[in-house]
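Here's a quick briefing to read alongside the sequence and the 3D view. Take a look around first, then come back for the details.

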Amino acid sequence: MYGIKCICLGLGLMGLAMGGCATTQTKHDGKATCRSTTGSKAIDRADMDLSVRPGDDFFRYVNGAWLDRTEIPDDKVSYTTFDIVRDRRDDMVRSLLKEVAALKTKQPGTAEQKVGDFYSVGMSEKLAEKNGTAPLKPWFEKIHKAASIQDIQDIIAFMHTHSMETLFVSTVMQDLKDSQQFSFYFWQTGLGLPDRDYYVKTDARSIEIRERYIEYVAKMLALLGEDAKQSKAGAERIMAMETRLAQQSMTNLERRNFPALYNKLTIDQLSSLSPDFSWERYFANIGDIKFHDVIVTEPKVVQEISRLMQDVSVNDWKTYLRFGLINETAPYLNAAFVKEHYRFYSEFLSGSKKMLPRWQRVVMTTNELLGELIGKLYVKKHFPPQAKQRMVEMTKNIKKSMRNRIRNLEWMQPETKNRALEKLSAIRLMVGYPDKWEDYSKLQVQPDSYVSNVMRAGRFHYYKQMEKYGKPVDPEEWVMSPQTVNAGYHPLKNTITFPAGILQPPFFYIDGDDAVNYGAIGMAIAHELTHGFDDQGRRFDKDGNMTDWWSKQDEDEFVKRTQFLVDQYDAFVAVDDIHVNGKLSLGENIADFGGLSIAYSAYLGALGSKTPPRLDGFTHNQRFFLSFGKVFRGKIRDKALKRKVQEDVHPWGRFRANGAPFNMPEFYEVFGIQSTDMLYRNAELRPVIW
């Protein structure tokens with residue numbers, strides 16, 4: 001979706017681009033693919049490569065046979081546990097949507113009418129072809145009539161009120177230093193390429209990406225009716241504007257420095273910083289709220305926006321806005337725009353061979369924009385209450401384990417340790433679905449066009465967020481819908497969230513043995529808890545405020561110990577000569593290592609004096625780690641892996657499965673890891689962090 005992005009600070013979400021599935025295999029043209037089934041074995045020797053020593057490649061040992069017989073579907077750039085579980089979820093949601101859409105009578109304004117019409121209109125290719133870009137005509141007319149830079153700025157504000165990421169993002173969210181208050185934020189955006197480094201790097205791949213991007217922009221402008229010469233010139237001007245923004249933008253690594261993102265300015269200071277953008281006029285255009293101050297995450301970008309307002313002609317701005325409008329709405333228009341958008345962003349950049357079927361694309365968009373309306377239906381049909389009970393019990397055990405580990409840390413001073421324990425005790429679990437559902441009464445859904453409904457939803461979500469300004473923070477508000485296949489830690493709320501969508505195999509087996517559940521969802525719980533104490537989360541206190549509660553000695557010791565993880569992951573080769581970025585992925589690597597260690601301690605604590613029998617030929621201790629390795633099962637195309645290394649804080653699953661366990665002495669003992677094994681790490685290189 002083009003603008004409804006939860007700004008979660010990149011801290012909490014596991015982003016489960018990881019592998020593993022409860023599956024059986026079916027063959028097509030002699031090749032095997034995954035078919036999900038909740039009845040499959042949690043640990044299946046038929047999925048493993050037992051010829052590989054676990055100390056040489058644990059990822060391969062756990063998943064090798066599955067990898068050999070599984071192909072990435074043509075409509076995906078990777079095939080992982082996340083994809084498999086999401087596909088299963090999409091099938092469930094599709095069934096629900098079809099039931100609602102088929103209702104013969106739907107009272108206007110009801111949840112059934114909104115959900116049913118949104119899905120039905122989205123599914124109508126005939127209507128999309130008939131409409132073409134006609135639903136956007138008022139937008140294009142507004143851009144066409146712009147005669148001054150002030151008019152351009154008015155249009156930017158108008159686009160923002162529909163959640164479009166034009167030039168920059170503006171939103172209301174909790175204040176980083178006062179989590180009980182809402183503040184107004186400006187976030188950097190305005191780039192058509194997915195990472196600022198693509199604009200500035202001089203390697204062959206980045207140069208090719210820039211060349212192909214210019215071609216793509218020109219094609220989109222041509223679809224709007226411009227001739228070849230005009231569209232090529234317009235594309236080059238857009239690239240020049242975006243390059244200037246990119247040159248002033250922070251890198252993904254720099255954005256991990258939260259204090260550097262917190263630049264609170266008065267409106268006068270903002271105007272002085274960026275004098276050629278009429279900020280008072282902008283605020284008047286987006287609403288009637290009187291903001292006392294704003295938080296600018298990247299001041300250099302705001303300064304550059306001001307310079308662009310001086311340097312770029314009105315006509316060039318009009319070209320930039322026309323492309324921005326069509327680029328963000330392309331997935332919801334007629335086939336010509338949908339295909340061009342897919343060819344560049346999915347096929348060229350990520351290596352996709354086939355577009356997702358329309359029903360799945362529409363389900364994904366409906367899920368995102370009408371999340372909790374669908375969530376009510378989903379949990380009623382697909383989420384048993386005993387799942388929530390087991391999650392609560394596991395979380396208690398895992399928090400107890402983490403509490404004991406913090407108390408026994410030798411490297412942390414007592415005062416810092418006490419504050420860490422206070423923060424841990426304050427972390428709340430949100431599981432399954434919210435107790436109070438989101439109000440969609442102001443959302444309008446009509447049977448006229450798919451893109452118009454998406455635009456209306458964008459406006460609804462923008463003002464829903466804006467209306468929070470000046471009101472108390474709701475600690476029970478969810479940032480993910482119940483059917484989301486993900487999990488997260490929210491640093492400002494100090495909560496961990498596990499939606500119903502992820503609580504299914506292979507992450508969670510409602511009747512499964514403890515070893516498997518603690519190795520998968522238990523590790524995920526501990527992973528999210530550890531995010532509260534990783535290189536970013538540790539900057540927030542028990543109340544969700546960004547404050548320095550560490551002693552200098554403890555901070556230095558923490559940095560020294562985490563450097564072992566940076567070095568470990570830097571050494572992993574992703575593809576060709578591209579290595580994993582240990583600094584960019586540090587938060588996830590801390591959370592994996594801490595999560596696995598804590599979950600294992602919690603499992604042994606829950607086990608007590610019992611010794612479970614072998615299952616499928618493995619001890620219960622081995623099943624714990626095998627379950628962990630299975631969670632990261634997956635295959636990925638080379639282009640997508642290159643993007644992931646550069647753009648994503650989450651390492652690819654192979655490196656996660658081969659990373660965290662090799663810092664745990666218990667793992668060495670359970671699998672008999674030898675010093676001659678390829679992934680063996682000398683004891684002095686295995687840090688103790690949490």
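In what order do the strands of the open sheet of 4 strands run? The order is 4-5-7-6, and the pairing is mixed. Keep in mind that this is a predicted model.

**The sheet**
- Strand 4 (168-175) and strand 6 (264-266) sit at the edges, and each of them pairs on one side only.
- Going from one strand to the next, the twist averages 35 degrees.
- Strand 6 and strand 7 (residues 293-296) run antiparallel and are joined by 3 bridges.

**The chain as a whole**
- Stepping back, there are 27 helices and 13 strands in the chain.
- The globule rule gives 26 Å for 690 residues and the chain's radius of gyration is 25 Å, close to that value, so the chain is as compact as a globular protein of that length.
- The C-alpha trace spans about 75 × 60 × 55 Å along its principal axes.

**Burial, contacts and surface**
- Of the chain's 690 residues, 59% count as buried.
- Among contacts with a separation of 6 or more, 75% come from residues 24 or more positions apart.
- The chain's accessible surface comes to about 27,400 Å², and carbon and sulfur atoms account for 49% of it.

Definitions and conventions: Residues numbered from 1 in each chain as written. Predicted model: local features only at pLDDT ≥ 70, side-chain atom pairs only at ≥ 80, totals over all residues. Heavy atoms only, no water. Pairing = 2+ DSSP bridges. Helix = DSSP H or I, 4+ residues; strand = E, 2+ residues; numbered from the N terminus. Axes fitted to C-alpha atoms, helices over the stretch in contact; angles between N-to-C directions. Rg over C-alpha atoms; globule rule 2.2 N^0.38 Å. Buried < 20%, exposed > 50% of the residue type's maximum accessible area, 1.4 Å probe, protein only. Contact = heavy atoms within 4.5 Å. Areas by Shrake-Rupley, 256 points an atom, 1.4 Å probe, with all protein chains shown as cover.
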